[in-house]
Amino acid sequence: MIRKKDTSLLCILGILILGILGTGSFYKSLMGVFNSLIYATKELMPTIFIISIITAMSGVLKDTKINEELTRPFSKIMKNYIIAYFGIGLFMMIISWFFWPSPSIALIGAIFLPIAVKSGLPPIGVATAMTIFGYGIALSSDYIIQAAPKLTSDAAGIGVSEVMRASVPLEITMGVVTAISAFYFLRKDIENGVIKNVVIDFKNSDEIEDKVYISKKLRKVLAIMIIILFSIDIVLMTLYNLQGGDATALIGGTALMILALIASIAYRGKVWEKVTSNIVDGLMFGFKIFGIIIPVAAFFYMGDSAITQIFGEVLPKGSNGIVNDLGAYLAHLVPINKAVSAITLTGVGAITGLDGSGFSGIPLVGSIARLFAGDNTSSLATLTALGQISGIWIGGGTIIPWAVIPAAAICGLSPFEVAKRNLKPVLIGLGVTTLVAILIL
């Protein structure tokens, strides 16, 4: 029965045990439990705020029905849930190649979720498409920004271009197999009635009276203005090379200004109260979604650099963190041949991805790939790319609950539900991709 329960209590106890083992002090361990939650909250705070702000903005757009004008052009294209699934996924993938998924997912989800639901694609399908195509395909390949291949190639001692070339057949295999597998399971559950097409709205039922009327012409003008403002954001990201947190901050600031402007037009005399009310509603929604995941994230952050920041220098000198040390240890236990090398790199990449960051452990896979490949540069590039794919697909935002929170939150779902939905397709994709890598080696 314990497997069916939330794991927050187990994670809190796990942090306490790690503290006792590391420091030998009970009171320091108790302090560490509290500090670990603060650490996890700080790590997740940018994501919490962007989701909360986009949700607050979406509330005003729904009240004024501007969201209907924004989605109208896309609704003509997304006639059914098949087009909606692959359309949202491909759009997310393209945007994520240029700006990474984090700043993109809240905005894309807010715009496309209503259209997808009308076309028959449930919220869980939207979350699946955005995570697999954005945090999976786009982030693991990273062909435009090239942060991921740079980290792994430096550790492996080869050029970035070599890793990127070697990753192409593996990325295609992983992306196609996982996306189609996920859609197969999704379609099966939709047709069998397992999945209900229901959207969970953060607005309370007693807020219906706050709806306001804006003329259709003005709604269209404001919708065009919103598109222009976010398009300008994209231009600014390109011109000033804004990525990750900086790009998220730009999107968040723009969303706040849009919220303030539209509220001023729509609510007029009540603008001061309504702006505050929408921001509070957004924050309540964000923290409600994230609250259950913070203790779990705090525990898994212990596997990386967080443990030394919270409990002090409790690890042996030269340690790269518990999770990375475990991956390196397991890699040295196995014999060296093509099949074992590929399986080991997939396994090590998966283990290093358990902290939910996707990037913290991928330098390790480059080093281990060099160990297994020896002087064979072609095999080295393939193994490095395979480890990179495994690490980012597992930890980047597809099957680790706190990593899928942005997609889950914007779709009104539990992150555990989204992670569970993605688990089987991702594991199938990694299995097939590993087999392809063995054939290439």
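I145 is buried, because its relative accessibility is 18% (buried means under 20% relative accessible area, exposed over 50%, partly exposed in between, with a 1.4 Å probe and protein chains only). I145 sits in the loop that joins α6 (123-141) to α7 (147-156). Helices here are DSSP runs of H or I with at least four residues, strands are runs of E with at least two, and both are numbered from the N terminus. W100 is 45 residues from I145 in sequence, yet the two C-alpha atoms lie 8.3 Å apart.

The model is predicted: local features need pLDDT of at least 70, side-chain atom pairs count only at pLDDT 80 or more, and totals for chains, interfaces and linings use all residues. Residues are numbered from 1 along each chain as its sequence is written, and side-chain values use heavy atoms, with hydrogens and water left out.

The loop between α6 and α7 also contains D142. D142 counts as buried because its relative accessible area is 0%. Its phi is positive, about 50 degrees, although D142 is not a glycine. Most residues other than glycine have a negative phi. K65 likewise has a positive phi, near 65 degrees, and is not a glycine. K65 is placed in the loop between α2 and α3 (66-75). With a relative accessibility of 44%, K65 counts as partly exposed.

The chain as a whole contains 19 helices and zero strands. Its 441 residues would give a compact globule a radius of gyration near 22 Å, and the chain's 23 Å agrees with this. That radius is taken over C-alpha atoms, and the globule rule is 2.2 Å times the number of residues to the power 0.38. The C-alpha trace spans about 70 × 55 × 50 Å along its principal axes. Of the 441 residues, 53% count as buried.

The largest nonpolar core has 132 residues, and Y85, I88, L121 and M130 touch the most other members. Helix α2 (residues 26-64) gives this core its largest share, 13 residues. A nonpolar core is a set of buried Ala, Val, Leu, Ile, Met, Phe, Trp, Tyr and Cys residues joined through side-chain atoms within 4.5 Å.

T41 also belongs to helix α2. T41 is buried, as its relative accessibility is 18%. A polar atom of the T41 side chain lies 2.7 Å from the backbone oxygen of L37.

The structure holds zero disulfides, a disulfide being a pair of cysteine sulfur atoms within 2.5 Å. C11 is buried at 7% relative accessibility. C411 is buried too, at 1%.

A408 lies in helix α18 (residues 405-410). A408 is buried, with a relative accessible area of 0%. Beyond its neighbours within four places in sequence, A408 is in contact with L413, S414, P415 and V418. T377 is 31 residues from A408 along the chain, and their C-alpha atoms are separated by 40 Å.

How values were computed. Polar contact = N/O pair within 3.5 Å; in protein donor to acceptor, adjacent residues only side chain to side chain. Contact = heavy atoms within 4.5 Å.
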